[in-house]
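Please consider the protein shown below.

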Amino acid sequence: MNDIKVAVLGGEGVGKSALIVRFLTKRFIGEYASSSECIYRKRMSVDGRQLNLELYDPCSQPCEGKSTLNEQIHWADGFVVVYDISDRSSFLAATAIVHLIRELNLGVAKRDSDSVVFLVGNKQDLCHMREVDKEEGQRVAADGRCQFYELSAAEHYQEVALMFSKMVRNASLGGKAKERRRRPSGSKSMAKLINNVFGKRRKSV
Ligand SMILES: Nc1nc2c(ncn2[C@@H]2O[C@H](COP(=O)(O)OP(=O)(O)OP(=O)(O)O)[C@@H](O)[C@H]2O)c(=O)[nH]1
């Protein structure tokens, strides 16, 4: 399988775009403008194999042609489910998404599905405002058979890159051999990404 599709899911403002942009550009963009869901493409070499990575970044705002969570889950080979450690409601949302992924992927062999769902507690730099203990995240990850990470898109490039690289490797080994389904939305080029980064709309933190 040369095409790897990874969906980055989670509640509003948890840092999904920040994590993706950090991985793709090495930069932390504090305010990222995006008013529609999109797919970023990256060609990667993993264990000497060339892979085409597609990273899906949903949009939390209502927008035209918006795909449903079910469609996003059916589309992807791997999932990065993000919450903000300083926002308990985002943790509850992430927990519900993990459960839904598990429900919809019931038919997938356990060993294949174990390694392609990551639960990520983002904004670790805000630990002075922490509302979700690391142990709680670890517990939900263990229950949902996910790998667990706590990191900061703002401060940790290496950790973010390692996390995505590991996801791509696991998804490429998973052999899930899904029939290819309709994309949840249009794709976005690096040029569009750069445009979003520099033509940014102000968002409050
Ligand atoms: N302190 C801190 N802020 C972060 C971090 N990651 C993202 N943010 C901030 O959180 C806010 C939301 O980040 P986004 O990347 O837009 O989050 P999102 O999940 O893509 O947001 P929506 O698409 O609107 O749901 C922005 O103000 C970011 O600067 C982080 O690791 N630490």
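The report below begins with the basis of the model and then turns to its parts.

## Basis of the model

The model is predicted: local features need pLDDT of at least 70, side-chain atom pairs count only at pLDDT 80 or more, and totals for chains, interfaces and linings use all residues. Residues are numbered from 1 along each chain as its sequence is written, and side-chain values use heavy atoms, with hydrogens and water left out.

## Overall architecture

Seven helices and seven strands are present in the protein. Helices (H or I, at least four residues) and strands (E, at least two) are DSSP runs, numbered from the N terminus. Along the sequence, the order of elements is β-α-β-β-α-β-α-α-β-α-β-α-β-α.

The protein has 205 residues, of which 52% count as buried. Here, buried means under 20% relative accessible area, exposed means over 50%, and partly exposed lies in between, with a 1.4 Å probe and protein chains only.

Strand S4 spans residues 78-84, and seven of its seven residues are buried. On one side these are Gly78, Val80, Val82 and Asp84, and on the other Phe79, Val81 and Tyr83, so that both faces are covered. Two strands are said to pair if DSSP finds at least two bridges between them. Strand S1 (residues 3-10) pairs with S4 in the parallel sense over five bridges, and Val8 stands opposite Val80 of S4.

S4 also pairs in the parallel sense with strand S5 (residues 117-122), over six bridges. Within this pairing, Tyr83 has Gly121 of S5 as its bridge partner, and Val82 has Val120. S5 is largely enclosed by the rest of the structure, because six of its six residues are buried. Val117, Leu119 and Gly121 point one way from the strand, while Phe118, Val120 and Asn122 point the other way.

## The unit from S5 to S6

S5 pairs in the parallel sense with strand S6 (residues 147-150) as well, over four bridges. Leu119 has Phe148 of S6 as its bridge partner.

Together, S5, helix H5 (residues 134-143) and S6 make a right-handed β-α-β unit. A crossover is right-handed if, with the strands pointing away from the viewer, the path from the first strand over the helix to the second runs clockwise. The loop between H5 and S6 holds Arg145, a residue other than glycine with a positive phi near 55°. Arg145 has a relative accessible area of 32% and is partly exposed.

Helix H6 (residues 157-173) contains 17 residues and reaches 24 Å from its first C-alpha to its last, close to the 24 Å expected at 1.5 Å a residue. The expected span is 1.5 Å times one less than the number of residues. Among the buried residues of H6 are Val160, Met163, Phe164, Met167 and Ser172.

Ser172 and Arg49 are 123 residues apart in sequence, and their C-alpha atoms are 9.8 Å apart in space. Arg49 lies in strand S3 and counts as partly exposed at 30% relative accessibility.

## The loop between S2 and S3

Asp47 is placed in the loop between strand S2 (38-46) and strand S3 (49-57). Although Asp47 is not a glycine, its phi is positive, at about 50°. Its relative accessibility is 53%, so Asp47 counts as exposed.

## The second largest pocket

On a 1 Å grid over the protein atoms alone, a pocket is an open set of points where a 1.4 Å probe fits, with protein on both sides within 12 Å along at least five of seven lines; lining residues have an atom within 4 Å of a point. The second largest pocket is lined by 13 residues, and Leu9, Gly10, Pro58, Leu69 and Gln72 lie nearest its centre. S1, helix H2 (69-75) and helix H3 (88-104) are the elements that give two or more residues to this lining.

The space in this pocket is about 150 Å³, the volume being that filled by probe spheres set on the grid points, which are joined across faces, edges and corners. Its lining has six nonpolar, five polar and two charged residues. Ala, Val, Leu, Ile, Met, Phe, Trp, Tyr, Cys and Pro count as nonpolar, Asp, Glu, Lys and Arg as charged, and the others, Gly among them, as polar.
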